[in-house]
Amino acid sequence: MTDSVQHHTQPDRPPWFFADKAIAALAFAVAAFLLLPHLAVLLASVTGDTETLRHLAETVLWRYTGNTLALVVIVGTATFLIGTVAAWLVTMCDFPGRRWMEIALVIPLAFPAYVLAYAYTHVLDHPGIVQTLLRNLTGWGPRDYWFPEIRSLGGAAAMLSLVLYPYVYLLARAAFLGQSATTFLAARSLGKSPTSAFLTVSLPLARPAIAAGVLLTMMETIADFGTVSYFGVQTFATGIYTSWFSMADRGAAAQLSLGLLAFALLLAMLERSNRGRARFSNGKRQDIIARIPLRGGAKVGAFVLCGLPVLFGVIIPVIALSFMAVGSEQDLLSPRYLKFITNSLTLAGIAAGVTVFVAVLLGSFARLRNTAAASGALYIARVGYAVPGGVIAVGLIVPFAAFDNALDSFMRDTFDVSTGLLFTGSIWLLIGAYMIRFLAAALGAYEGGIAAVSRNIDAASRVLGQSSVGTIRRVHVPLLTPSLLTAALIVFVDVMKELPATLIMRPFNFDTLAVQAFRLASDERLSGAAVPSLAIGAIGLLPVILLCRRVARHDA
């Protein structure tokens with residue numbers, strides 16, 4: 001008799017099993033990298049010496065706190081008023097120039113605030129055009145009159161407001177476009193004026209979208225370094241840079257970063273909470289609201305209200321920078337400047353591609369697995385947008401510099417070979433910082449597009465034998481091409497303007513247009529700074545116009 005042998009075989013794995021595992025592993029690896037700078041800042045702040053921080057607490061820490069909070073409040077209020085009023089007028093009213101204003105109101109998004117700071121300093125500072133003309137006309141001396149100081153907290157708030165209000169404008173306009181005419185017309189039939197109906201009906205319905213836009217402007221405000229640094233306004237962002245470079249105290253920089261990170265996380269939680277409520281606020285637009293035709297003084301007033309942000313945010317700065325550039329010694333076509341342009345385009349292009357890829361990876365992972373781990377990875381990804389570039393730079397340099405030094409020491413002791421700095425000061429670590437900083441923007445565009453893709457399509461793709469990777473590559477990406485293009489354009493423009501992370505992490509002798517503009521302005525060579533500033537705006541203008549045209553397609 002022979003022994004019967006029972007063969008135990010595992011059931012066949014579905015063809016997409018290993019692809020799902022690979023996506024999950026890669027998503028968790030990316031999430032760990034996204035979390036690294038936050039943990040590094042926390043660890044460095046706890047283990048670092050507190051002597052410098054105590055000195056800062058006794059001297060300027062409260063000034064950092066007060067100035068940062070004041071900027072957040074002023075910029076949040078100003079962007080709310082400008083963006084909401086402009087969005088309502090171009091969406092719900094009909095007046096001459098409305099179609100042109102739809103695009104023009106978004107153009108300031110192409111300019112960083114520090115570029116406007118350079119332009120308005122040239123125009124409004126004591127030796128500037130306006131005050132010089134005033135003294136020539138009146139014969140006054142320097143002490144015979146009072147003039148608002150542009151290099152001040154108020155000046156910094158004005159510059160930030162002029163370039164950040166498009167965030168509120170775009171989200172508010174999308175909310176107004178999505179509203180049905182029924183509620184608005186009901187208010188009008190009850191005797192409400194258009195303004196009253198706007199305040200009591202349209203504005204409350206759009207509140208979640210507007211609040212999200214205002215929170216975005218607040219996040220950008222606490223992250224700003226170029227404007228406040230040039231105007232001499234002491235904030236947490238400038239304190240981090242000063243501690244890192246001037247005082248050579250990375251522990252103090254990490255401790256200041258931790259304070260700013262806590263505030264940024266609070267804003268991120270507010271934005272996330274608002275995002276959760278927003279989906280209940282907007283219904284499907286069933287009846288298109290007929291635009292209100294404006295006549296007489298009303299149409300002139302609407303044009304003026306929409307035109308003022310464009311005038312002060314685009315036209316005056318571009319004219320001022322153009323005149324400044326003519327008298328400068330900077331040659332935009334010289335090999336040196338062509339290298340600046342190439343470096344800027346290289347960083348922005350690679351960062352846009354990497355960030356969109358990671359957004360698709362994490363978004364697809366969350367779509368495949370509706371678990372707490374997937375939701376946690378998405379939350380970590382969104383937090384980066386609320387964290388200033390300087391904080392992310394500190395959080396990445398500290399652990400990678402420690403790793404590079406440890407590896408170099410080991411190789412020297414073991415093989416008598418120096419590996420140098422493999423990661424610190426490399427372009428790829430800088431790309432990683434950009435990805436962490438702007439991933440939330442790419443995720444927002446991805447989620448907006450994937451929401452319209454039925455899960456039945458995913459199931460059909462699986463039935464036809466496609467793996468997860470195949471479904472993403474052959475189904476999702478083609479359907480999401482417009483959304484992914486939007487995400488890439490947003491990241492591209494943001495990277496072109498990013499300054500603190502670039503200043504701290506850029507490779508040696510790898511300067512960008514933003515760094516060159518900041519360096520020249522810091523040396524009070526404003527005419528020279530005008531040339532790279534105009535180049536930044538010109539390069540960012542095309543993506544912004546493409547974004548405007550895509551938004552305009554939704555407005556019949």
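## Ala-530 and its surroundings

Leaving aside residues up to four places away in sequence, Ala-530 touches Leu-321, Met-324 and Ala-325. The model examined here is a predicted one. Ala-530 has its place in helix H23, which covers residues 526–552. With a relative accessible area of 1%, Ala-530 is buried, because a residue counts as buried when this value is under 20%.

## Helix H13

Helix H13 runs over residues 297–326 and contains a kink of about 45 degrees, centred on Leu-311.

## The chain as a whole

The chain contains 23 helices and 2 strands. It has 556 residues, and buried residues make up 52% of them. Among contacts in the chain with a separation of 6 or more, 82% are accounted for by residues 24 or more positions apart.

The accessible surface of the chain comes to about 25,500 Å². Carbon and sulfur atoms hold 66% of that surface.

## The largest cavity

Rolling a probe the size of a water molecule over the atoms shows where empty space is left. In the whole structure, a search finds 5 cavities of 30 Å³ or more. The largest cavity holds about 280 Å³ of space. It is lined by 20 residues, and those closest to its centre are Pro-112, Glu-220, Asp-224, Lys-497 and Glu-498.

Which helices each supply at least two residues of this lining? They are helix H5 (113–124), helix H7 (153–177), helix H9 (194–223), H17 and helix H20 (481–497). The largest share of the lining, 4 residues, comes from H7. By class, the lining of the largest cavity has 13 nonpolar residues, 1 polar residue and 6 charged residues.

## The second largest cavity

The second largest cavity has a volume of about 70 Å³. Its lining consists of Ala-223, Phe-225, Ala-237, Ile-240, Tyr-241, Pro-388, Gly-390, Val-391, Pro-500 and Ile-504. In terms of class, 9 of these residues are nonpolar and 1 is polar, while no charged residues are present.

Helix H11 (236–246), helix H16 (389–415) and helix H21 (500–505) each give at least two residues to the lining of the second largest cavity. H11 provides the largest share, 3 residues.

## The second largest pocket

The second largest pocket has a volume of about 380 Å³. The elements that contribute two or more residues to its lining are helix H14 (335–368), helix H15 (372–383) and helix H17 (427–450). H17 also supplies at least two residues of the lining of the largest cavity.

In total, 18 residues line the second largest pocket, and Ala-366, Arg-367, Leu-378, Glu-447 and Arg-455 lie nearest its centre. The largest share of the lining, 5 residues, comes from H15. By class, the lining of this pocket comprises 8 nonpolar, 4 polar and 6 charged residues.

## Two loop residues with positive phi

Asn-509 has a positive phi of about 60 degrees although it is not a glycine. This residue lies in the loop between H21 and helix H22 (513–522). Is Asn-509 buried or exposed? Its relative accessibility is 54%, so Asn-509 counts as exposed, the cut-off being over 50%.

Glu-524, likewise not a glycine, has a positive phi of about 60 degrees. Glu-524 is found in the loop between H22 and H23, and H23 is the helix that holds Ala-530. The relative accessible area of Glu-524 is 45%, and Glu-524 is therefore partly exposed.

Conventions:
Residues numbered from 1 in each chain as written. Predicted model: local features only at pLDDT ≥ 70, side-chain atom pairs only at ≥ 80, totals over all residues. Heavy atoms only, no water. 1 Å grid on protein atoms, 1.4 Å probe; cavity = no way out; pocket = protein on both sides within 12 Å on 5 of 7 lines; lining within 4 Å. Points joined across faces, edges and corners; volume = space filled by probe spheres on them. Nonpolar A, V, L, I, M, F, W, Y, C, P; charged D, E, K, R; others polar. Buried < 20%, exposed > 50% of the residue type's maximum accessible area, 1.4 Å probe, protein only. Contact = heavy atoms within 4.5 Å. Areas by Shrake-Rupley, 256 points an atom, 1.4 Å probe, with all protein chains shown as cover. Bend = angle between axes of the 7 residues up to and from the residue.
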